[in-house]
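Let's take a walk through this model, one stop at a time. Keep the sequence and the 3D view handy.

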Amino acid sequence: MRPAAAARHVWTASLAAATSLVSFRPPAAQTTATVDVGVSTVRYDGFLPSGAGSLTPAFTWERPGAAVTARGTYLRFESGRRSLQGLIAASLFTPPSLLPHRWRGELSLSAGGSSYADFASFWHATGEARLHFVTGGGGGAWIGGTGGRTSYGRAPRPVAVAGVGVWTRRAEVTVAASATRSIVGDTAYSDVGSTLHARRGRVEVDGSLAARVWSRGAGHGVYGEASATYTLGERTALFVSGGRYPTDPVSGSVAGRYASAGLRLRTALPRPRAIRDPKPLSRAPANGDGGAGFIARLEIQPAPDGTVRVVVHAPTAATVELAGDFTDWQPVTLRRTGEDMWERVLRIPSGVHRINVRIDGGTWTAPAGTTRAEDEFGGEVGIVAVP
């Protein structure tokens, strides 16, 4: 298959998946899809700026330990020329029992293509292996390597990338830093940079800042991007983004600057899927009862200022997360405050709410201290009342 044809097939597949799911409720809690419709101004290095209309569908399927993502972008420029890009990627994590505690392995595969104005076409296929170490304080580090092939309308070139990274999460802010060395045929370059993700209420912000150094044939300099999303409702959001990005010899993108704004349509926000009979943790709790039937216990403590202190008792846990209708079912990491106590202060409206918890990245379960009820996906959630 020619590179241009590959790009069109990948884009078409992701468009079909995303648009069909926007119209219907996802069949499982781990399936989400979005379609971004917007306008952009783009200036590739060495060219004049140009306005464009954009359509970007994306589809994600995920479950504990695995994820698949498909994404496509269609740009229609003022000149009438068009640009197509598509990418499919999958990641698989090793089971927690395979490696020592706090260590996880990851294998990722990706394939994509792009074409511009029917004369510039790329394709690439790569595989990456990473080893992750997760600390007990909401952070971690990784080391990995990537190999594969890429082509720009000629014989494919080999791809080899080595990288290291660290990350930390505090409340709803995640900061990461990484350094990579890439060799693509006779081109070699290093990228050093950091990223930030923050969420507060209806607003999500993402940013990145990096530098390309020790480059042979891939350019030099500092680059960065930023985006903000404001949620209007369960299925709609507004977004703005912009910045400068470098040449990417792997995917075939040319360095440039851009600014975009538009409307995001999406499926209903995902609900965590829980099992009916939660399994005990792999490690026995500290009280020595062998872990039989052990479930994290939840307490809700309202405060006079309108906030709610959410406390989870989880002996021997390394990480504890919760998600509920009051977080739009987005995971929220709790902070350790004692030997077996984790907590977070949240603003939760008075009334009856649904909630689940997750221990050490395992399965979402209804915590003890709540009333269990079946959700619309055949799993269980905890029901709790906030005065």
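D36 counts as buried because its relative accessibility is 7% (buried means under 20% relative accessible area, exposed over 50%, partly exposed in between, with a 1.4 Å probe and protein chains only). You'll find D36 in strand β1, residues 31-44 (strands are DSSP runs of E, at least two residues, numbered from the N terminus). Its side chain makes a polar contact of 2.7 Å with the side chain of R264; that term covers N or O atoms within 3.5 Å, where one must be able to donate a hydrogen and the other to accept it, and residues adjacent in sequence count only if both atoms are side-chain atoms.

A word on the ground rules: this is a predicted model, where local features need pLDDT of at least 70, side-chain atom pairs count only at pLDDT 80 or more, and totals for chains, interfaces and linings use all residues. Residues are numbered from 1 along each chain as its sequence is written, and side-chain values use heavy atoms, leaving out hydrogens and water.

Now for the aromatics: the structure holds four aromatic pairs (ring centres within 6.5 Å, using the six-membered ring for Trp; planes under 30 degrees apart are stacked, over 60 edge-to-face, the rest tilted). One of them, W103 with F133, is tilted, at 4.9 Å centre to centre and 55 degrees between the planes. W103 sits in β5 (103-116) and F133 in β6 (120-134), so the pair ties together parts 30 residues apart in sequence. W103 is partly exposed at 34%, and F133 is partly exposed at 29%.

Technical notes:
Helix = DSSP H or I, 4+ residues; strand = E, 2+ residues; numbered from the N terminus.
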